[in-house]
Amino acid sequence: MARRNPANPRYQKGSEVGKTRRSAASAKPKRSVGDSSSAPPADKKKERPGLLAPVPDDPEYKRWRNIWMGLLGSGLALSGIAWWQQSTRFGTFALALAYACIFTALYIDFTKLRRMRKAAVEAEKARVAGKKNGTKA
């Protein structure tokens with residue numbers, strides 16, 4: 001196909017000589033403002049738990065949370081010691097202990113804490129649904 005010459009008046013803006021082909025997008029039918037579309041209405045948004053989901057207040061959760069934080073903190077501290085004492089027996093031992101602390105903290109988070117948080121979120125949803133229906137929860 002030959003290149004279009006930009007000096008040709010047909011391809012210059014504002015010229016009245018000839019017409020170029022309209023795009024396919026401009027040939028599509030336009031929707032009016034009131035037509036229905038496949039998008040859900042704006043007032044009925046899907047409710048998702050926010051960034052600050054409810055945290056249980058019971059003492060068992062707080063105890064496990066303190067253990068979890070202690071394990072993560074000690075894992076971080078032992079990692080720093082292992083980095084400082086590289087290539088020594090003590091550094092290798094500290095690194096192994098750091099991995100043990102971090103993986104134990106992950107296990108506690110995945111098994112104990114998440115289960116308790118999920119139960120708290122479900123209880124909060126039930127409370128909000130009960131409040132919307134007019135019953136007291």
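Student: Is R114 buried, partly exposed or exposed?
Tutor: R114 counts as partly exposed because its relative accessible area is 42%; the cut-offs are under 20% for buried, over 50% for exposed and partly exposed in between, with a 1.4 Å probe and protein chains only. Bear in mind that this is a predicted model, where local features need pLDDT of at least 70 and side-chain atom pairs count only at pLDDT 80 or more, while totals for chains, interfaces and linings use all residues. Residues are numbered from 1 along each chain as its sequence is written, and side-chain values use heavy atoms, with hydrogens and water left out.

Student: OK, which side chain does R114 meet in a salt bridge?
Tutor: That of D109, at 3.8 Å from N to O. A salt bridge here is a side-chain nitrogen of Lys or Arg within 4 Å of a carboxyl oxygen of Asp or Glu.

Student: And what else does D109 touch?
Tutor: Leaving out residues up to four places away in sequence, D109 touches W68, R114 and R117, contact meaning heavy atoms within 4.5 Å. The side chains of D109 and R117 also form a salt bridge, at 3.1 Å from N to O. So D109, R114 and R117 are linked in a salt-bridge network, and R117 is partly exposed because its relative accessible area is 23%.

Student: Is D109 itself buried or exposed?
Tutor: Buried, because its relative accessibility is 10%. D109 lies in helix 3; helices are DSSP runs (H or I, at least four residues), numbered from the N terminus.

Student: How many salt bridges are there in the whole structure?
Tutor: The search finds 3. One of them joins E124 to R127, with the closest N and O atoms 2.5 Å apart. Both residues are in helix 3, 3 residues apart, about one turn of the helix.

Student: Switching topic: which residues make up the nonpolar surface patch?
Tutor: L95, Y99, F103, L106 and F110, with about 520 Å² of accessible area together. F103 counts as exposed because its relative accessibility is 53%, whereas Y99, at 47%, counts as partly exposed. For a nonpolar patch, residues need over 30% relative accessible area and no salt bridge, and side chains of Val, Leu, Ile, Met, Phe, Trp or Tyr are joined within 5 Å. The areas come from the Shrake-Rupley method with a 1.4 Å probe.

Student: Last one: which element has the lowest mean pLDDT?
Tutor: Helix 1 (residues 24-27), with 65, while helix 2 (residues 59-84) has the highest, 95. pLDDT is the predictor's confidence in each residue, from 0 to 100.

Note on methods. Helix = DSSP H or I, 4+ residues; strand = E, 2+ residues; numbered from the N terminus. Patch = residues over 30% accessible without salt bridge, like charges linked within 9 Å, V, L, I, M, F, W, Y side chains within 5 Å.
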